[in-house]
Amino acid sequence: MGPEGPGAVVLSTIVAERVDTVAAPGPAPRPRRRLPLAWLGALPFFLYASLFLLLPAGDVLIGAFRSEQGDWTGANVRGLFHAEYLHAFENSIRISVYTALVGGLLGALMCYAALHPGSPRFVRTIFTAFSAVASQFGGVPLAFFFISSIGTLGVVTQFLKDWLGIDIYAHGITVFGFWGVFLAYVYFQIPLMLLVLAPAVDGLRPEWREASESLGGDSLTYWRSVGIPVLAPSFLGAMVLLFGNAFAAQATAYALTSGGYNIVPLEITNVLNGNVVSDPHFGQALALGMIVVIAIAVLIYLPLQRRAARWMK
Amino acid sequence: MPISGIVVLTIGALYFLVPVASTVKFSLEQGHAGFGFQAYRQILDDPQFRHTLWFSVQLALETTVVTMALMVPTVYWVHLRLPKIRPVVEAITILPFVVPPIVLVVGLFDFFKSFSPDWLLQDFVFSSKFLVAAYVVLSLPFVYRALDAGIRAVDIQTLTEAAESLGASRTRTLFRVILPNLREAVLAACLLTFVIVLGEFTIASIALYQTFPVYITTIGSAQAYPAAALTVISVGLTFVAAAVFLVLGRMGLRKRRQPVLGAAMTGMAGAASTNPGGA
């Protein structure tokens, strides 16, 4: 239950409610409650969310179990278990886990390095503004960053070949497959981690370190007994967020692989664009599958966030 | 700063700058003719460039206005009068993460086509207003968190009671008292909305709109050098927009102790972690 501020209710309402409780002792017929006018203020939001988010999402969930003739059917959902689509889910989950791990760890280290107590204020401002923008990068611009650097004629590819004698393409690394997608995703995962973790890192008080030191602890002791336990819930929560972020991404992989990489968002795109012959309801079954995977991730995320909240403020 | 910190930040900076630098180099190449601005000239001369960019900017502005008109009063009102439903609002605003754009676009069209009369289809569902409606949803998680973090930093109860005891109406309180105090949070929310819409590809392409990101993709699949130039232009524009917001956020905020816009942006993501709602 959210905290109710001490002045949460306007004075008149408090008085009215007190009168109510006094006037209604025991089983006597309770006076009718005032019309909850306060709820009207939240009505536009709930209407909007229902029309453009909740009902369309519900439509997908129901549509996944419908046939083209409008009958109920389990065929679409059963279709998800065909090898090709199982493989798409596997690929999606794998790229999301890998980029969340790598992007998350790099992001956390950078976050701690940049928000060190004593780092100048302008560094923080630039850092957060940059993260906010870069975490939204995607699609062709992001794809082009990596085509220009590790594409066949990319700057990094050429550098490695000419100066170090390493031909990455001879080792099966290509920007138009797993590696390109992986590196591009990490590019937006790192700033997202920076953004999400910054408040928790800021919450590490210097006094804790001083206390640990005055009790004879070294840096390792501090991290093992204070730093990591305090940061862990925020960090794990952020990792789940990163997972969902990569899992949902479509534009970048589409741009890099022209829709050819076998991940769920691109499979849905293929169904929607009519590139594969299938029941349009099958697209909804794929979408249902995505919602289920991310919903599981969010169910892991929420209790972690609640734990993280303990150390804030 | 310890050496390990410098090493980590250098690696990070390289990871972000090398791809940008490579793209800039590519955008300046002219095949056998050495280096120059030919690719940029080609893009700037393309009328599609201006049309799609202007279209995307319009969409971004419309989305920002609608989102703010919807969310600023909601966040204020929920904090002031309905603290009990805050966890519900928070849960709903995190849903766009659970329902990714590619899923949302499937649901939106299927749902609206299922019951809309012809006039609604013509005037709304098959118009760019529908795109704006979807973009508002996409920006909800970020906007809610930025505004929520901002409003926590202000004692809205006291401000509201003070304003009302001096005879201000609800609307006047919101516009003249609360909003000026939320300025930096609102700016952060606007920036994020703007950036999201300017870069959104998934929904626009499925709905067959020629927005700027869709145009970039069209160019990208055909012409390498102009696409590199276009990438540089679009990333540059995004950062210019961010810088404008930063400067706006700084103006008139000299007295504050913290770089508030930065704080509000951090808060956008951090609000989820500091929020005991539902605990």
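**Exercise 1.** Determine how helix α4 (residues 83–114) of chain A packs against helix α1 (residues 3–27) of chain B.

*Solution.* The two helices pack at an angle of about 125°, and their axes are 9 Å apart. Axes are lines fitted to C-alpha atoms, for helices over the stretch in contact, with angles from 0 to 180 degrees between N-to-C directions. Helices are DSSP runs (H or I, at least four residues), numbered from the N terminus. Angles under 35 degrees count as roughly parallel, over 145 as roughly antiparallel, 65 to 115 as roughly perpendicular and the rest as oblique; α4(A) and α1(B) are therefore oblique to each other. The crossing of α4(A) with α1(B) is left-handed (the near helix is turned anticlockwise from the far one by less than a right angle; clockwise would be right-handed).

The model is predicted; local features need pLDDT of at least 70 and side-chain atom pairs count only at pLDDT 80 or more, whereas totals for chains, interfaces and linings use all residues. Residues are numbered from 1 along each chain as its sequence is written, and chains are lettered from A and ligands numbered from 1 in the order in which they are written.

**Exercise 2.** Identify the residues through which α4(A) and α1(B) meet, and classify them.

*Solution.* Contact requires C-beta atoms, placed from the backbone, within 7 Å. On α4(A), the residues are Leu106(A), Leu109(A), Met110(A), Ala113(A) and Ala114(A); on α1(B), they are Gly5(B), Val8(B), Leu9(B) and Gly12(B). By class, this contact has 7 nonpolar, 2 polar and no charged residues (Ala, Val, Leu, Ile, Met, Phe, Trp, Tyr, Cys and Pro are nonpolar; Asp, Glu, Lys and Arg charged; the others, Gly among them, polar).

**Exercise 3.** State how many residues the two chains bring into contact.

*Solution.* Chain A contributes 80 residues and chain B 81. The side of chain A that touches chain B comprises 50 nonpolar, 24 polar and 6 charged residues.

**Exercise 4.** Describe the packing of α3 (residues 47–80) and α9 (residues 170–199) within chain B.

*Solution.* The angle is about 140° and the axes are 9 Å apart, which makes α3(B) oblique to α9(B). The crossing is right-handed. Contact residues include Ser56(B) and Tyr76(B) of α3(B), and Leu174(B) and Phe194(B) of α9(B). By class, 14 are nonpolar, 5 polar and none charged.

**Exercise 5.** Characterise the surroundings of Ile85(B).

*Solution.* Ile85(B) has 19 C-beta neighbours inside 10 Å and so counts as partly exposed (20 or more is buried, 12 or fewer exposed, in between partly exposed). Not counting residues up to four places away in sequence, Ile85(B) touches Ala42(A) and Val78(B).
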